[in-house]
Amino acid sequence: MVKLIITLLSIMAMLPCLAYGCKIGELRSHKEVDPEEYIFIGKVVGYTSIDNAVCGFDNKCYKSYGMRVEIVQSFFLPNPKISQVDLYFFGLSAMCSRTNSNKFSEFNIKNNYIGEFIKIAARPLLSEPLSLTQSHQLKTNDPYSILLDGSDWVDAIIVPIDNEANSLSYRDHDFDYTLSSYTNKINFEVKFQIRKDLARLYKSTSEAEAKFILNRMANFTEFDRMFGDDFFIKLLKRYLHNQKTISDLDNKNKKAIFNEEHNTDN
């Protein structure tokens, strides 16, 4: 009986965290522009480390290593003064705590990533617990730097750029959504471009500017699968006021979906 009580108490202690774990995806959804998210192109210039907030079951505490990234071209910076970030990557424990990740080590970053260009869409690193309402942002002592969480389970997007190409040519690149059909897996590049264009819409100052962006996005056929039903029409109504323009772009998107489904069936 004593063992049973102890077991039940242990399970009850875990419930709040487990319940939160089920909501991680919901809290990190990107159906709207996240005003705290940093979206930019950066160059890896070094490596850094941070102590994990929670130690392992072996009572050993581990460090997680991260990339020191210099901002080369910004698309959306909540703090425009930031010139560099420390980008960390973590695993997720059964108790919804960040754990060290073997994905990147000091050796790996130092020998394989320094000098590389990467596209980043990530939020500031939060202290434990992982609640957006209860946590606060961890900051460096440098007013021009910030810590970002690059973990995939918080929906961060990290996309390497081929250095053989002109990396800086990506600065004003307008993504061609006709290239991202259902037959090609929706990859991190596409997700990054969507996040970048959502940020551009958020910052748009005229209906003409918003229409230019939405006209390209109308070629994308997977909005409903990624964001839920009627995502694109809701986006049109949020940023456009001309009903004919809304109708035309909605029809363009539906036509793209129809054509893709028809081609897939064949």
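Mentor: A residue is called buried when its relative accessible area is under 20%, exposed when it is over 50%, and partly exposed in between (1.4 Å probe, protein chains only). By that cut-off Glu37 is buried, because its relative accessibility is 3%. The model is a predicted one, in which local features need pLDDT of at least 70 and side-chain atom pairs pLDDT 80 or more, while totals for chains, interfaces and linings use all residues. Residues are numbered from 1 along each chain as its sequence is written, and side-chain values use heavy atoms, without hydrogens or water.

Glu37 lies in the loop between α2 (24-27) and β1 (38-51); helices (H or I, at least four residues) and strands (E, at least two) are DSSP runs numbered from the N terminus. The Glu37 side chain makes a polar contact with the side chain of Arg195, at 2.7 Å. A polar contact here is an N or O pair within 3.5 Å; within protein, one atom must be able to donate a hydrogen and the other to accept it, and residues adjacent in sequence count only if both atoms are side-chain atoms.

Now to the strands. Gly66 sits in β2 (residues 63-76) and counts as buried because its relative accessibility is 0%. Leaving aside residues up to four places away in sequence, Gly66 touches Gly46, Tyr47, Thr48, Leu87, Tyr88 and Ile109, where contact means heavy atoms within 4.5 Å. Tyr47 is 19 residues from Gly66 along the chain, yet their C-alpha atoms are 5.6 Å apart.

β2 runs antiparallel to β3, and five bridges join them; strands pair if DSSP finds at least two bridges between them. In this pairing Met67 of the model stands opposite Leu87 in β3. β3 also pairs with β7 (residues 145-149), in the parallel sense, again over five bridges. There, Tyr88 stands opposite Asp149 in β7.

For contrast, consider helix α5 (residues 207-217), whose buried residues are Ala210, Ile213, Leu214, Arg216 and Met217. They share one side of α5, because they cover an arc of only 155° around the axis, taken from the directions from the helix axis to the C-beta atoms. On the other side of α5, Ala208 and Phe212 are exposed.
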